[in-house]
Amino acid sequence: MAYILIKNKKNLSIAGLFILSFIWGANIPFMKVALDFSGPAELSFLRNFFGSVVLFGLLALLKKPIFIKEAPKLILLGLFQTAGFTGFLIWALVEGGASRTAILVFTMPLWVSVMAWPFLQEKLSTLQWFAVSVCLIGILIIFNPLNLNNNIFSCSLALASGFSWACGIILSKKIHLKFPKLDLLTMTAWQMLWGSIPLFLTLFIVTSDPIIWTNYFLAIVLFNIIFVNAIAYLLWFFALKHLEASLVSMLSLVTPIGGGVSAWLLLDEIPNSTEKIGYFLILLGLFSLLYFKNNKKN
């Protein structure tokens, strides 16, 4: 019976990952469009703060405890998983294209695999290190420092978002190990609230035009609050609790593919030949990491 329950939770985790990957991928070009109506600081704060409000409201509705002793221990998680990931992501969208941002943000599995070795004792095989090298070559090709017209700053911001996200994954796994009974809904709400605080403070630092409140912009914000943040983060942390960190990050690779396709359909963003080679190498390396990991376990 216990084995069946564990297996069901793993299957649910995998199914949830594919759902949230589709949501996140499709949303990236919509966030790019939303920046025509709002500044990056405002958009970052709105989607995360009100996402936490939705989750706290759900906690109250379910009559679950809100003020927990573990809440202060979730501050660092919120800084990486919410503030760093979202802040750098939206900043990258301001500076560059949606498809390139999607691919570089989702180098996250690369950083998770490397960090999981010292922090979670999930060692990489020789073949996995080879796959890591392929990813790094792809990243270097996209950066293309010899091309003065290339937007290196936007690429750096997208990578910073992916790295911050990877740090959040490692922290989340360690929190689950230390506090196995910590309620996922409560944890998600608190980390999102903590992460909203530095985003709120940036509103007083970064100057931008007033928000243009159109129905289209409001629809994007509501979609981000309810689906992209509240629901997707719950699915994300549920998967992290029941699967290995490196496996979770690999299964989320549907997202950059979806983001690239969405950017092509909605924004008419078509990568040039050099970018296509870089994208191909990154995705090849990331999928190889997953393949070699599965073979290693078998």
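1. A residue is called buried when its relative accessible area is under 20%, exposed when over 50%, and partly exposed in between (1.4 Å probe, protein chains only). In helix α5, the buried residues are Met108, Pro109, Leu110, Trp111, Val112, Ser113, Met115, Ala116 and Leu120. Helices here are DSSP runs of H or I with at least four residues, numbered from the N terminus.

2. Do keep in mind that this is a predicted model, in which local features need pLDDT of at least 70 and side-chain atom pairs count only at pLDDT 80 or more, while totals for chains, interfaces and linings use all residues. Residues are numbered from 1 along each chain as its sequence is written, and side-chain values use heavy atoms, leaving out hydrogens and water.

3. Now for confidence. pLDDT, the predictor's confidence in each residue, runs from 0 to 100; its mean over the protein chain is 79, and 88% of the residues reach 70 or more. Helix α8 (residues 184-202) has the highest mean, 90, and helix α10 (residues 245-251) the lowest, 64. Over residues 1-6, pLDDT stays under 50. Where pLDDT is low, the predicted coordinates should not be read in detail.

4. Back to α5, which spans residues 108-120. This helix bends by about 30 degrees at Val114, with Pro118 following within four residues. The bend is the angle between axes fitted to the seven residues ending at a residue and the seven starting there. Just after α5, Gln121 takes a positive phi of about 60 degrees.

Definitions and conventions. Helix = DSSP H or I, 4+ residues; strand = E, 2+ residues; numbered from the N terminus. Contact = heavy atoms within 4.5 Å.
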